[in-house]
Amino acid sequence: MTNAKLLTIKEVAAYLFDNQNRDAYYRARNLIKKHKLQEITVGRRIYVQRSAIDRAVGIDSLADAGPDQLPDQ
C-alpha cells in the first residue's frame, strides 16, 4: 500500500478489506456513500481522500504523522 493521499475505490477496498474483488469494491463504494465523503472525479476514475476514509472508519493514520507525532514505544 502506498502512502498516497488520494485513493481510488479499488485501492480503498484493498486498504480496508485486503481484497479488490467485486464485493469489496461495492462495500467500499457503499461506505463512501454512507458517510457522504467528498469524491474527486477525473474522467471515469473516482478518488477519495485517505484521511477521510480513516476518519469514517476510526483508523488513526500514523503514516501521515511526522516523527514528533508518533506514539512513544
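Me: In what order do the three strands of the open sheet stand, and what is the sense of their pairing?

Reply: Strands of a sheet pair through backbone hydrogen bonds, and they do so either parallel or antiparallel. In this predicted model, the open sheet has the strand order β1-β3-β2, with antiparallel pairing. The edge strands are β1 (6–8) and β2 (39–42), each of which pairs on one side only, and neighbouring strands are turned by 35° against each other on average, direction ignored.

Me: Over how many bridges do β1 and β3 pair, and which residue in β3 stands opposite Leu7?

Reply: Strand β3 (residues 45–49) and β1 pair in the antiparallel sense over three bridges, and the residue of β3 opposite Leu7 is Val48.

Me: Which strands does α3 lie across?

Reply: Helix α3 lies across β1 and β3, and its direction makes an angle of about 60° with β3.

Me: Which residues make the contact of α1 with α3, and how do they divide by class?

Reply: On α1 the contact is made by Val12, Tyr15 and Leu16, and on α3 by Arg50, Ile53, Asp54 and Val57. By class, this contact has five nonpolar residues, two charged ones and no polar residues.

Technical notes. Residues are numbered from 1 along each chain as its sequence is written. This is a predicted model: local features need pLDDT of at least 70, side-chain atom pairs count only at pLDDT 80 or more; totals for chains, interfaces and linings use all residues. Side-chain values use heavy atoms; hydrogens and water are left out. Contact means heavy atoms within 4.5 Å. Helices (H or I, at least four residues) and strands (E, at least two) are DSSP runs, numbered from the N terminus. Ala, Val, Leu, Ile, Met, Phe, Trp, Tyr, Cys and Pro count as nonpolar, Asp, Glu, Lys and Arg as charged, and the others, Gly among them, as polar. Two strands pair if DSSP finds at least two bridges between them. Axes are lines fitted to C-alpha atoms, for helices over the stretch in contact, and angles run from 0 to 180 degrees between N-to-C directions.
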